Amino acid sequence: MNLSRYLKPVSVAALGAAVAFSFSGISAQAAPKQGGTLNFVVPDEPPSWDGHRETTFALIHPFAPFYSVLIKVNPDNPSSPTDFVCDLCTEMPTPTDGNKTYTFKIKQGVKFHDGSPLTAHDVVASFKKIIFPPEGTTSARVAYFVMVESVEAPDDHTVVFKLKYPSGAFLPALATPFNFIYSKAKLAEDIRWYEKNVMGSGPFKFAGREAGAYVRGERNKDFHVAGQPYLDGFEAIFSNKQAVQVQAVRGDRAAIQFRGFPPKSTEDLVNALGKDITVQESDWNCVLLFTPNHKKKPFDDARVRRALTLAVDRWGGSQSLSRIAIVKAVGGVVFPGHPLAATKAELQQIPGFWPDINKSRAEAKRLLQEAGVPDLKFVLWNRAVDQPYTIVGTWLIDQWRQIGVTVEQKMEPTGPFYARLRSAEFDVTVDFNCQSVVNPLLDVGKFLSEDVGNESYGAYVDRDLDKIFETMNRTSDEAEQRKLMRQFEKRVLDVQAHSFVTLWWNRIIPHRAYVKGWKVSPSHYLNQDLANVWLDK
Amino acid sequence: MYQYILKRLLLMIPTLLGAGLLVFLLLRLVPGDVCILRMTGGAGYVDPKAIDLCRSELGLDRSYAVQFLTFIWDFVRFDFGKSMWTGRPIVEEVGLRFELSLQIAIMATLTAILLAIPLGTISAVKQNTWIDYVVRGFSIAGIAMPSFWLGVLIILGLLITTKSVFGSPWMPPIKYVPIWVDPLYNLSMTIFPALATGYRYSAVATRMTRSALLEVLREDYVRTARAKGLIQKLIIRRHALGNALLPVVTIIGIEFAFLMGGLVVTEQVFNLNGLGKLFVASVTHHDYTMTQVLVMLVATIFVVTNFVVDIIYAWLDPRIRYK
């Protein structure tokens, strides 16, 4: 988390001391203080308040504090993709029955905000709504739980998940922050009650909202974690203009914006506020891809597709783009740093990741010559959002120019962009894969055949790839998973050259230095219940 | 006069119908819909059945003709339906924002009037003097400067100035509180967007006041008044200004209508939860029902404001009689 690259006139040494102090962890600082209201800005407003239905961070940031979940990423170690802890359960279970049965014990004495007790039956009702949505309701994450056969509560404090097959993707899916635990009674009254109402058991109670303006929460004195939350309340203020969000932090109208700012905005804040700002950074579980349309000539030829990836200097691009855009890490199809991710040595075997870019581009030109399209021209469709879509798209055009390919970039607003992706009316498109909990076994479902994976836009069918994915998801042997993941990755990026990773995003969160306890994670969806956040003022 | 009023009221109907049809068609020409947008937040899995269910719930699976007729019929009955994005009644969503937009519009209009009429008058009376040049420069700057850009400058200026003077930066609040709940807080938020918008607005009105007054001051009756020995102040106040204000009233009326829903970027800059911001959100979200209602609302405001301006015109100038 290097602050110095944002500084111009301010002394690095002085600031380094301040930053080091603020990152030294709670044990080196004063104990958390009780009190205060955290104001933060949220770049969008969610369409409904139902976590099971929505996919936007705009729901998580203001509404996650009202709910408990079964398990979650460790708030003291949110950057780890494998460290999960209990929220409503008492301890993380060891699976039984050949890793197909998970038995969770639910804490006793937990109450919903209306005073009614929370039991295992509420947990079961919530997960049934997510995993087996009743007719007429929508669950956005059904596919995350395809391995689940049943979920039952044999008594008031036990929840049993039975899987059809052992799966390493199950626990990360369970830890998805959208898995709010609702009241069974409320769901029985009206299965869609939570779309417009709030009643959870989380660290904060709903205290009001104004459409388009804010959502307010106040401390839940009966929260099931003793001593928490530390805050008296919070106010999530909606503001979709980034300049306003930056100014709000600068003018102390908001202490933080949890999604992230680009490097320039961070630099401006650091220059303006000096020691009053802390910057946290993390790799982000979001990646931009570019995907050729396999049904359009000449992209039906794997040589042409492979040439496109060979032209791109990812190692060099990471150095320069990370100064102006929210991208940084070079990685394959798996989130960098995850145990299933390719090492640097493994990556450098894959076309597009070779250490010698000149050799790589020479090979690209040769492939295009061989395929009969040395002067290839096409249109790159992109989403009209600066960070990082436009910047990465522009960079890609330059990379392809180096091998004699002429590309015109066309930008579209989000709605038409999605429509084009789904209708496969493009030559090559910028594509993306953003997930919450790092769950590579499911996350790489992005690359499946078009009739299997709903997020796959390259218009291809690859049954061998689908088979590798299925096999990988049905084994709990981590070594086997890794081996299969390398095969999967090689097939996507090299052998069949279906779709290509550019750079993984970089999450930069500058915030007021008095905000303590919150740690950045690899996703803007994670670690947002604010239970352990406190204000040092 | 009453016949004229009735005719104008009846003419509003085809005007609004035309506006409704135009916005209905334009929205449906843009690819993509609210259901896809809603469910494709992070490129996560999207169940096609969920999209179909969403479309069915929102009536998007019906024919365009049925959708349009439903929209018009509901509008006529003042049943504006629910937002396709939030599912909440549009009346509720618009009502909240209407209050803030109205307050900004009134404050900006007052700012404009307080600036434009005195400055325009001085500029006309002191034509071709340094006072005239200063006022003209001031008004040209106002016309040239986009109000949202001025807004950004104001906020930056406040942040930098307060930091250097008080040691800690200050900016206007970004959360609205009604004026009757906390007047000081409310004004600290609304005064700056009102000034930024009012300045630009006043620039146009200043120029119009100046031109109109110069023309009137050259009229024979004004020369007669001078010849009779009346002092300049009385001539301007009693004889000239009233006649010069007629075109200014038109400008102010049109600008007021624009302020209600037209301050899209200014509202974004100051984070005002007004109709302009709602407009942007509804278009971005492909929220057809909300966008249609907002367009119709603004069209209605324009039509009604123009009508009111015409009536005021007739009241100010007894020579004007509508038939």
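Helices (H or I, at least four residues) and strands (E, at least two) are taken here as DSSP runs, numbered from the N terminus. Counted in this way, chain A has 16 helices and 17 strands. The model is predicted: local features need pLDDT of at least 70, side-chain atom pairs count only at pLDDT 80 or more, and totals for chains, interfaces and linings use all residues. Residues are numbered from 1 along each chain as its sequence is written, while chains are lettered from A and ligands numbered from 1 in the order in which they are written.

The C-alpha trace of chain A spans about 70 × 60 × 40 Å along its principal axes. Its radius of gyration, taken over C-alpha atoms, can be set against a globule rule of 2.2 Å times the number of residues to the power 0.38. For 537 residues a compact globule would have a value near 24 Å, and chain A agrees with 24 Å. A residue is called buried if 20 or more other C-beta atoms lie within 10 Å of its own, exposed if 12 or fewer, and partly exposed in between, with C-beta atoms placed from the backbone. Of the 537 residues of chain A, 56% count as buried. Two residues are in contact if their C-beta atoms, again placed from the backbone, lie within 7 Å. Among the contacts in chain A with a separation of 6 or more, 69% come from residues 24 or more positions apart.

One enclosed element of chain A is strand β15 (residues 500–512): 13 of its 13 residues are buried, so the rest of the structure largely encloses it. Two strands pair if DSSP finds at least two bridges between them. Strand β11 (residues 277–292) of chain A pairs with β15(A) in the antiparallel sense over ten bridges, and A:Val279 stands opposite A:Pro510 of β15(A).

Helix α6 (residues 242–250) of chain A is also largely enclosed by the rest of the structure, because seven of its nine residues are buried. These are A:Val244, A:Gln245, A:Val246, A:Gln247, A:Ala248, A:Val249 and A:Arg250. They pack against β1 (37–42), β10 (256–257), α7 (263–273) and β15 of chain A, together with α7 and α11 of chain B. Just after α6(A), A:Asp252 takes a positive phi of about 60°.

Helix α15 (residues 463–473) of chain A has the buried residues A:Leu465, A:Ile468, A:Phe469, A:Met472 and A:Asn473. Seen down the helix axis, they fall within an arc of 125°, so they line one face of α15(A); the arc is that of the directions from the axis to the C-beta atoms. A:Arg463 and A:Lys467 are exposed on the other side. The buried residues of α15(A) pack against α14 (440–443) and α16 (478–495) of chain A.

An open sheet of three strands in chain A has the order β4-β6-β5, with antiparallel pairing. Its edge strands, β4 (101–105) and β5, each pair on one side only. Neighbouring strands of this sheet are turned by 15° against each other on average, direction ignored. β4(A) and strand β6 (residues 158–163) pair over five bridges, and A:Thr101 has A:Lys162 in β6(A) as its bridge partner. Helix α3 (residues 120–131) of chain A lies across β5 and β6, running at about 165° to β5(A). Axes are lines fitted to C-alpha atoms, for helices over the stretch in contact, and angles run from 0 to 180 degrees between N-to-C directions. A:Asp155 belongs to strand β5 (residues 148–155) and counts as exposed, with 11 C-beta neighbours inside 10 Å. A:Asp155 and A:Ala120 are 35 residues apart in sequence and 7.1 Å apart in space, C-alpha to C-alpha.

Within α3(B), the buried residues are B:Ala50, B:Ile51, B:Cys54 and B:Leu58. They cover an arc of only 100° around the axis, which puts them on the same side of α3(B). The face turned away from this buried side carries the exposed residues B:Pro48 and B:Lys49. B:Gly59, whose phi is positive, near 80°, follows α3(B).
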